[in-house]
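Me: I have a model open on my screen and would like to learn how to read it. Could you take me through it step by step?

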Amino acid sequence: MFEMLVGLSIRDIVLIDSIDLEFKKGFCVLTGETGAGKSILLNALGLALGERADVGLIRIGSDTATVSAEFIDIFSDSLSAILEEQGISCTDSLILRRILRADGRSRAFINDVLVSVNFLRKCGENLVEIHGQQDGRGLLMQSTHRSLLDSYGGLENL
């Protein structure tokens, strides 16, 4: 089973006061003219996944910015093992949340359990891989090839 992003909640990021996005099953694409805000959404998602925080993302006039990303169908063995070692249970969904303060500090949560940003990043790397138009890395991180292929073929237990 593959992980699926089903929701992205953004508060006080750049120009966004508040937005809650829902993603339906299947292929989703973000499109739009230059300056439409696609990069803001990707930067917000990156923040929830543990990427480096930049206080410049906080909306002018706000003291904090918050992003939550919800995933369902979390059945990869590697991610489950990572979560188990921190005592985090994952039943139906996994919610990654990051709060960024104007002083540069941030707090990270997984299913409302306080975690380090490094741990959030470690989990995020097992959930999402973002590639842009100028990205020369090619498709997929090599470290995830085997688990994706095994999952697709239903061979995780072998």
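Me: Let me start with a turn: how many residues lie between S4 and S5 in their hairpin, and which residue in the turn has a positive phi?

Reply: S4 and S5 form a hairpin with 4 residues between them, and Gly104 in the turn has a positive phi of about 95°. Helices (H or I, at least four residues) and strands (E, at least two) are DSSP runs, numbered from the N terminus. Please keep in mind that this is a predicted model, where local features need pLDDT of at least 70 and side-chain atom pairs count only at pLDDT 80 or more, while totals for chains, interfaces and linings use all residues. Residues are numbered from 1 along each chain as its sequence is written, and side-chain values use heavy atoms, with hydrogens and water left out.

Me: What confidence does the protein have on average, and where is it lowest and highest?

Reply: pLDDT is the predictor's confidence in each residue, from 0 to 100. The protein averages 84, and 87% of the residues score at least 70. Confidence is lowest in helix H4 (residues 145–153), with a mean of 75, and highest in S5, at 96.

Me: How many helices and strands are there, and in what order do the elements run?

Reply: The protein has 4 helices and 6 strands. From the N terminus on, the order is β-β-α-β-α-β-β-β-α-α.

Me: In what order do the strands sit in the sheet, and which are the edge strands?

Reply: Two strands pair if DSSP finds at least two bridges between them. Here 6 strands form an open sheet in the order S2-S1-S3-S4-S5-S6, with antiparallel pairing. The edge strands are S2 and S6, each of which pairs on one side only. On average, neighbouring strands of this sheet are turned by 15° against each other, direction ignored. For such angles, axes are lines fitted to C-alpha atoms, for helices over the stretch in contact, and angles run from 0 to 180 degrees between N-to-C directions.

Me: Which helices pack on these strands?

Reply: Contact means heavy atoms within 4.5 Å. Helix H1 (residues 38–48) packs on the sheet and touches S1, S2, S3 and S4, its direction making about 105° with that of S1. H3 lies across S4, S5 and S6 and runs at about 50° to S5.

Me: How can I follow the pairing across the sheet, and what is the bridge partner of Ser9 in S3?

Reply: S1 and strand S3 (residues 64–72) run antiparallel and are joined by 7 bridges; the partner of Ser9 in S3 is Ser68. S3 is joined to S4 by 9 bridges, again antiparallel, and there Ser68 stands opposite Arg97. S4 and S5 pair in the antiparallel sense over 5 bridges, where Arg97 has Phe109 as its bridge partner in S5.

Me: Is Ser68 buried or exposed?

Reply: Buried means under 20% relative accessible area, exposed over 50%, and partly exposed in between (1.4 Å probe, protein chains only). Ser68 counts as buried because its relative accessibility is 16%. Leaving aside neighbours within four places in sequence, Ser68 is in contact with Gly7, Leu8, Ser9, Ile95, Leu96 and Arg97. Across the protein, buried residues make up 32% of the 158 residues.

Me: Which residues of H2 are buried, and why do they line one face?

Reply: An α-helix has 3.6 residues a turn, so residues three or four places apart point the same way. In helix H2 (residues 77–85), Leu79, Ile82 and Leu83 are buried. Seen down the axis of H2, the buried residues fall within an arc of 95°, so they line one face of the helix; the arc is that of the directions from the helix axis to the C-beta atoms. The face turned away from the buried side carries the exposed residues Glu84 and Glu85. What covers the buried residues of H2 includes strand S4 (93–101), S5 and helix H3 (117–125).
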